[in-house]
Amino acid sequence: MAKLKSLLDAIHESPDLSSPEELKSACELIMRVQKMDAAQRDVLAQAFKRGPVWAGDIASSTGRNALLEDGFVVMVLKDGEEGFTACTYKGARAYRLIQA
């Protein structure tokens, strides 16, 4: 994975400007993203790029469930219909880390 500075840049954190708490939170996010398996990364990419994604089209229900538990995605309504997965702000930050 990329160097810490480039990862922090990807999620708009700076060792010079961010508080210690913000940096700690950013590092925890980086560590969690590094532990994501391929299924979780696929679902996150789907939700980020094409979301909300209908349950029948989701890349991996197991990956989605793990991301739901950690707040990277949420279940939402689309046009009044249930069963769609969308990326959260936390998920968007995680996706940017994957791309860094």
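## A guided walk through the fold

E13 forms a salt bridge with R93, and the closest N and O atoms of the two are 3.3 Å apart. A salt bridge here is a side-chain nitrogen of Lys or Arg within 4 Å of a carboxyl oxygen of Asp or Glu. E13 lies in the loop between α1 (4-10) and α2 (20-34), while R93 lies in helix α5 (residues 89-99), so this pair ties together parts that are 80 residues apart in sequence. E13 is buried, with a relative accessible area of 13%, whereas R93 is partly exposed at 24%. Buried means under 20% relative accessible area, exposed means over 50%, and partly exposed is in between (1.4 Å probe, protein chains only).

A word on the ground rules before going on. This is a predicted model, in which local features need pLDDT of at least 70 and side-chain atom pairs count only at pLDDT 80 or more, while totals for chains, interfaces and linings use all residues. Residues are numbered from 1 along each chain as its sequence is written, and side-chain values use heavy atoms, with hydrogens and water left out.

Now take a step back to the whole chain. The protein chain has five helices and three strands, and from the N terminus on its elements run α-α-α-β-α-β-β-α. These elements are DSSP runs numbered from the N terminus: helices are H or I with at least four residues, and strands are E with at least two. Along the principal axes, the C-alpha atoms fill a box of roughly 45 × 25 × 20 Å. Of the 100 residues in the protein chain, 39% count as buried. Contact means heavy atoms within 4.5 Å, and of the contacts in the protein chain with a separation of 6 or more, residues 24 or more positions apart account for 50%.

Back to the charged pairs. Side chains of opposite charge can pair when their charged atoms come close. By the rule given above, the count comes to four salt bridges. One of the pairs is R32 with D70, whose side chains meet at 2.6 Å, N to O. R32 lies in helix α2 and D70 in the loop between α4 and β2 (73-78), so the pair ties together parts that are 38 residues apart in sequence. D70 is partly exposed, with a relative accessible area of 30%. Another pair is K24 with E28, at 3.8 Å from N to O. K24 and E28 are four residues apart in helix α2, so about one helical turn separates them. K24 is exposed, with a relative accessible area of 56%, and E28 counts as partly exposed at 42%.

What about a charged residue without such a partner? R64, placed in helix α4 (residues 61-69), is buried yet has no salt bridge. Leaving aside residues up to four places away in sequence, R64 touches V43, A55, I58, V73, M75 and T85.

Two packed helices are described by the angle between their axes and the distance between the axes. The axes of helix α3 (residues 38-50) and α4 come within 8 Å and cross at roughly 75 degrees. Axes are lines fitted to C-alpha atoms, for helices over the stretch in contact, and angles run from 0 to 180 degrees between N-to-C directions. The two helices are therefore roughly perpendicular to each other, the word used for 65 to 115 degrees; angles under 35 count as roughly parallel, over 145 as roughly antiparallel and the rest as oblique. A39, Q40, V43 and L44 in α3 meet G63, R64, A66 and L67 in α4.

Most residues other than glycine have a negative phi, and most peptide bonds are trans. The peptide bond from G51 to P52 is cis, with omega near -5 degrees, and P52 lies in the loop between α3 and β1 (53-54). H12, in the loop between α1 and α2, has a positive phi near 60 degrees and is exposed, with a relative accessible area of 67%. D79, in the loop between β2 and β3 (81-87), has a positive phi near 50 degrees and is exposed at 73%.

Definitions and conventions. Lys and Arg count as positive and Asp and Glu as negative; His and the chain ends are not counted.
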